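Visitor: Hello! I am new to protein structures, and I would like to learn how to read one. Could you walk me through it?

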Amino acid sequence: MSLDAPHGHIGFTLNGDSVTVATSPTARLSEVLRESAGAKDVKIGCNAGDCGACTVLLDGAPVCACMIAAGQAQGAVIETQVGLVADDPHAARLAQSFQRHQAAQCGICTPGMMVSAVALLRSGAPLSSEAVEDALGGVLCRCTGYRKIIDAVLDASGTAPLSTGGVGAPIARLDGWPKVSGTERFGDDVAPEGALLARPIRAPYHRAAFRFGDLDAFRDARGLEVILTAADIPGENRFGVIPGFEDQPMLAEGETRFKGEAVACVVGTPEAIAAMPAFPVTWEELPSITTPKGADKAALLHADRAENVMCRGYVARGDAGAALASAPHVVSGDFSTGFIEHGYIEPEAASAVRVGDRLEIRCCTQAPFMNRDGIAGLMGLAPDQVRILPTAVGGGFGSKLDLTAQPFVALAAWITGKPVRIAFTRTESLMASTKRHPSEVHMEIAADDDGHILGARFDGVFNTGAYASWGPTVANRVPIHASGPYRTPNYEARSAGIHTNTAPAGAFRGFGVPQSAVAQEQLYDMMAEKLGIDRLEFRLRNALRNGEPTVTGQVFERGMAIDACLEALKPAWETALADCAAFNAEHSGVKRGVGVASGWYGCGNTSISNPSTIRAGITAAGELFLHQGAVDIGQGSNTVITQIFAQALGVSVADVSLIGADTDITPDAGKTSASRQTYISGNAARLCGEALRAQILRLGNVSDTAVISFDNGLTLSDGDATVQVPLSGDGYVLEAVESYDPPTTPLDENGQGDPYAVFGTAAQLCVAEVDLALGTTRLIRMVAAHDVGKAINPLLVEGQVEGGVAQGIGLALMEEFLPGRTENLHDYLIPTIGDVPPIDTLIIESGDAHGPYGAKGLGEHCLIPTAPAVLNAIAHATGARIHHLPATPARLRAAIKAL
Amino acid sequence: MTLHRPESLEDALALSGGGAALLAGGTDLYPGLRDGAPPPELIDLTRIASMKGITRSDSGWRIGGATTWTAIVKADLPPMFDGLKAAAREVGSVQIQNAGTLAGNLCNASPAADGVPALLALDASVELASAGGTRVLPLEGFILGPRRTALEPGEILSAIHIPDAPGQGAFLKLGARKYLVISIAMVAATVTTRAGRIETARIAVGACSPVARRLSALETQLVGATQDEVFARTGAYAFDELSPIDDVRASAGYRLDAVTALVARTVANAMETL
C-alpha cells in the first residue's frame, strides 16, 4: 500500500473521533495533528525528540509525534491530552492531581507529561518515584523542577479537595485548568487560519558581510508574498530595552554581528515557504571575537563604544584595598561561567493582523507594553496604533522580555495587509534569543581571626554579546549584590559588559547575580575551611542583619532575614554532615558531601522608577473584573495578584473574573522580570482592592468591617444590617485604578544609595554524591530556606523554589551554550526529571515593610544559591573545587585527578 | 510526497533502490532533517511482520530489524541479553524506545549508538536482504565509519542474528544527565565464569572511536581473572583500539580515563549477576 499526496487522505482515530486529513504522508505527525486536525494540545518544542512536548499515544504507546510520518498513523488510534482528560478516568484524576500539586506552571510541557503519565497509569505497574521518572524521562520541563510532577503522578488516585482561601492559602492556580486539560493557547496556537508564514534569513557566521541577489526575481519565481529587508522598515531600524542602549536592528544592514542574526525575512504561504530553495544571499565571513579576551583590540561592534565596552558598574564602600592588605586572612580566586540558554519549551512565536491603521499582535511575551513601544518605533507608528495581546507563555525566564518574533510578523502584516504568523524553530531560538551572560570573575575576600569579613574586592567581566539587551542591568546590578547578604564593611566591586560577536546576553533569572554568587559563595567556603570554622556558622557570623548597612549603605530596619534562612537550615545541615561522614566511612569509590550557599536579590529595577498599575471594575450585573496585566509566564501572578486583590477588597477569589494583559484594555503592570510582580504589581492590586472597597463601603454607607458579597448583586453585611448597593449603567459602574512604584534613591558615583525597597534572601543546602573515577555527580537532596516576607501562596512559593533550584543545578552541572555548536536540545543539556533530587522548601516570613501583606518577590532568588551550594557539596565530597562551570564529568574528573 | 507501507519484505525490496529513503521508527530520520522538508519518497518498514520480533533459530536468535527497543526490553530472553536490554532502556526516552528500531540504530551508524556495543558483545551479525538475495555480515564488518555502513543501495537490514552462547550480559552508559542523553562512552560485556573466575569475556566500547570496538586483547587478558583482578588488569590495559575525540560532551582524555573504570565495572557487574 502506498499513500500518495495529493490523493493521500490519511485516516485515523483522534481522541475517539474518526478523522480524515488531506496531507502529505511524509509530513511530521505533530504538524498534521496541529494544523490539519486542530489538536493544538500537541506542542512542538524541538522537532527532534529532545523535549517530548509533542508526546501522543499512538495505539496506546507514547511517542514523539514530531518523528512519526503522518502516513504511519493511517488506521491508528491517537490520543492526546484533551481527549484523555475528557474520556479517560486515569487522566481525569491526574488532571485534578496536577492542579492540587501545581504540577503545571507555564503548562507547555504539561501535555507531554500527562500523556506519558497516563500510559504509566494504564499499565498498572506499581507506582514509585523511579517508575514515574522512567516514564516521564523523555519530557523536558523548565519551570517546575519536576518534583511536583512526580508528586502529582504518585497521587493520581488521590481525592483530596483543592485548598481555598485568600492571602496565605495554597490555592491551585486560577489559570491552571486550561493547562491540565489541554485547552491552554500559547504563542503559535492562536495563529489565524490561513495566515502567511514569515521565515527570517539568518547569518551563518559569527560576523559577516552580505549581498543580496535579485530578490524581486526570486520572490516572483517562487510565488512568495514579499521579501522584507532593512529598506522596508518604515520606522527606525533599531530596538532595545534600556533607554540609550537601543542598538539592535530588526534586520541587519551591511554586516551581521552574530551567528543567527536576521538579514531578511521571507513571507509566503506555508507551501511556498516549504518549497523555497536556497535564498539568494552571498556571505563573506569576517574576523570575529566570541569572548571578551582581546575585545579591546578587535574591530568595534558599535562605533560609539570604545574597546567594545558596553558599560561598567561600580560600587565602593570603606577601603577595600587597605582591608585586604592588612587582613590576617585572605582568599581569592578566579571563576567563570558560560552562556546559559533559557531553554523554555515553547519557542518564540507571534502572529499579526493589520486592522486599518493599527497592528494587532498576539505573542508569548513577558513585557507587553515594552513590546508595543518597541514595535511602534520600528514601524514608525504611535504606540496606541499597536495592540499587544499576550498569549499564554510557555516559559520565559527573562528572554521573552525582548522583541524576538514580533517584529517579523508586524512588518509583514503591515506591508501585505494579510495575517502573518511565525514560530521559531528550536535552532533559531537557540541561535537568536538572548542568553545569560558568560562571566569571568576575580574576587578576594579578607577576614579576621574570628571569622569576621573585613573586606572584599570583586572584578567581573561579562560577555554581553553583540547587542546591549539587558546588559546594562547586569553591569549595574552585580556590584550591588556581589558581596552576598553579608556584612562587608570594606568593599569595591567593578563590572564590565563587553561586546562580542555572539547572541546578545540579556535577562535571565538573576541578572548576573547567580554568576557572582558562584565566586563569592565558593570563596566563603574556602575562607571557612582556612579558618577551621563550620561553614554554616561562618555565614551566620557574617549574615547582614536588620540595622546594618549593605554595601551601598542602605539600612533595613526589618525584612533582612538571611540569618533566619541560615538558622532554618541548621537541623538539616547537622544531619547531612553526620550522614555524609557515615556514608564516606563505608565507601571509597563514591563520596558524599554537603554544601551550603546564600543569595540575595533586590526586587524591581535598580534605582529607577518601575511602576505597576492594576484596574478593577464592577458591572451593573454585579460582575467583578480584575484587569491583571502582570503577565503570568508560569510563575503564578494570575493567582497571586488575584489573591492579594481579593483580600484587599474583602471578597473570595472565586468572585473575581480575570482579564489578562492586553495593551488596549488592561493597564501596564510593568514587565514580568526582576522578581517585581508579587511586590510591585501586588501592591498595586492591594491599593486597587482597597480603593474599590472604600468606594463600595461609601456607597452603602457602612462601616469598615462590612462584608462584601456578590451573591445577589452587590450586597453588604454590616453587623445585623444588610445593604443592597444599587448598580446601574453601562460598562463598569464602579471602577478603581491604582499604581505603585517602589521607593528607591539614585546611586552616587560610588554606588551608594537605596537601589531597592525590598531585598529577598535565601540559603540552600545540597547533598551530593560524586563517583570519583567518573567525575559524575548525583544529587541526593536539596533544602531551600527562603525569606519571602509573607507567602501569598505557599504552593506557588514551593513551585518557584523547586524550578529555580533545577535551573541552578543545570548551571552547576551541565549547561553551557557554545555559539554555533550547541544549537539543539541534545547538545545543549538541561536537567531531566532524573537530575533533580527531592527538594525541601522552608518558607521564612520576615514580613516586609513595603510588600503587600509583607510579601517580597521570589523568582530570581530561587536559583542564586543553588549552583554554589552544589559546587560546595562537590568540594566537600571530593576536595576538588570547580572554578569554571559547568562541573561536567570531564571537568570534575580532571579536578579530582589534579588533587 | 509518497509513503510506501509494504507488508512484506519482498514488496519493500521491490520498491527500494530507486532513491526512496527507508523509514522505520523515524527517530534519526526526522531529527536529521533539521526542520527541513522530509524526503519526497519514503518506504515504511514497520508493517513487515518478518522484520519484527525475536525468534529462536537452530543456531541462535533472530531479531527482526524493525524490532523496537521497547520490544527488546519486554522480551523474555536469557541472561546473555541483559546488556542489550540495559542498553535498550537507556536509548533516549520511552518515546524513542517505543518507535526506534535496532536496524535503524545500526544503519544510522552514529559512533554513539547505544545498541552497537551490546550487539558487538553478543557477536551479532546482520542480515542484508536485496532483490538479488540475502547476505550476512558480522556487525563489525557492517558499520564502516561514522554515518557509513556496508548497506548497498536496494538492500534492507532485515534482521540481526545472535549466536547462542552461555553467559551474562551487562551494559553501562556514561552521560552528563539521566535521560535523553547522548553517551560520552558506553561499555557492554558478555561474560562466562568458572569458580568465580572469567572463562570468556566479550567486551565492546562505544563513543570512543569512529565505530564501536571490541577489546579482543583485553578479553584474552581477563581470562582467569577474579572480580578484583578484573579491576587491576583493566587498569593496566592500554586501550589501543580506542581513538576518542574531543567534542561538546567530553574531552578525549576523559573518555579514555573513564572507559577504564567503565569496562571494569561492566565486567564486574556481569560477574556479580552470575
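Guide: Gladly! Let us begin with a term: a nonpolar core is a set of buried Ala, Val, Leu, Ile, Met, Phe, Trp, Tyr and Cys residues joined through C-beta atoms within 7 Å. Please keep in mind that this is a predicted model.

Visitor: Which residues touch the most other members of the largest nonpolar core?

Guide: The general idea comes first. In soluble globular proteins, nonpolar side chains tend to be buried together. Here the largest nonpolar core has 403 residues, and A:Val409, A:Leu569, A:Val870, A:Ile874 and B:Val267 touch the most other members. Helix H11 (residues 252-273) of chain B gives this core its largest share, 11 residues.

Visitor: What is B:Val267 in contact with, leaving aside its neighbours within four places in sequence?

Guide: B:Val267 then has contacts with B:Ala189, B:Val191, B:Ala201, B:Ile203, B:Leu222 and B:Val230.

Visitor: How do I read a helix?

Guide: An α-helix has 3.6 residues a turn, so residues three or four places apart point the same way. Take helix H16 (residues 535-542) of chain A, where A:Arg535, A:Leu536, A:Phe538, A:Arg539 and A:Asn542 are buried. Looking down the axis of H16(A), you find these buried residues within an arc of 160°, so they line one face of the helix.

Visitor: Is strand E30 of chain A enclosed, or is it open?

Guide: In strand E30 (residues 759-771) of chain A, 13 of the 13 residues are buried, so it is largely enclosed by the rest of the structure. Both faces of E30(A) are covered: A:Phe759 and A:Thr761 are among the buried residues on one side, and A:Gly760 and A:Ala762 are among those on the other.

Visitor: Which strands pair with E30(A)?

Guide: E22(A) pairs with E30(A) in the antiparallel sense over 13 bridges, with A:Gly595 opposite A:Cys766. Strand E31 (residues 776-787) of chain A pairs with E30(A) over 11 bridges, again antiparallel, and there A:Glu769 faces A:Arg778. E30(A) and E31(A) form a hairpin with four residues between them, and A:Gly775 in the turn has a positive phi of about 75°.

Visitor: How is chain B divided into domains?

Guide: The domain assignment of chain B gives domain 1 (2-33 + 55-163) and domain 2 (168-273). Their C-alpha centres lie 23 Å apart. Across the boundary, 26 residues of domain 1 of chain B are in contact with 26 residues of domain 2 of chain B. On the domain 1 side, helix H4 (82-90), helix H7 (115-120) and strand E8 (143-145) of chain B each supply at least two residues. H4(B) gives the largest share of that side, six residues.

Methods
Residues are numbered from 1 along each chain as its sequence is written. Chains are lettered from A and ligands numbered from 1 in the order in which they are written. This is a predicted model: local features need pLDDT of at least 70, side-chain atom pairs count only at pLDDT 80 or more; totals for chains, interfaces and linings use all residues. A residue is buried if 20 or more other C-beta atoms lie within 10 Å of its own, exposed if 12 or fewer, and partly exposed in between; C-beta atoms are placed from the backbone. The arc is that of the directions from the helix axis to the C-beta atoms. Two residues are in contact if their C-beta atoms, placed from the backbone, lie within 7 Å. Two strands pair if DSSP finds at least two bridges between them. Domain bounds come from an automatic or database domain assignment.
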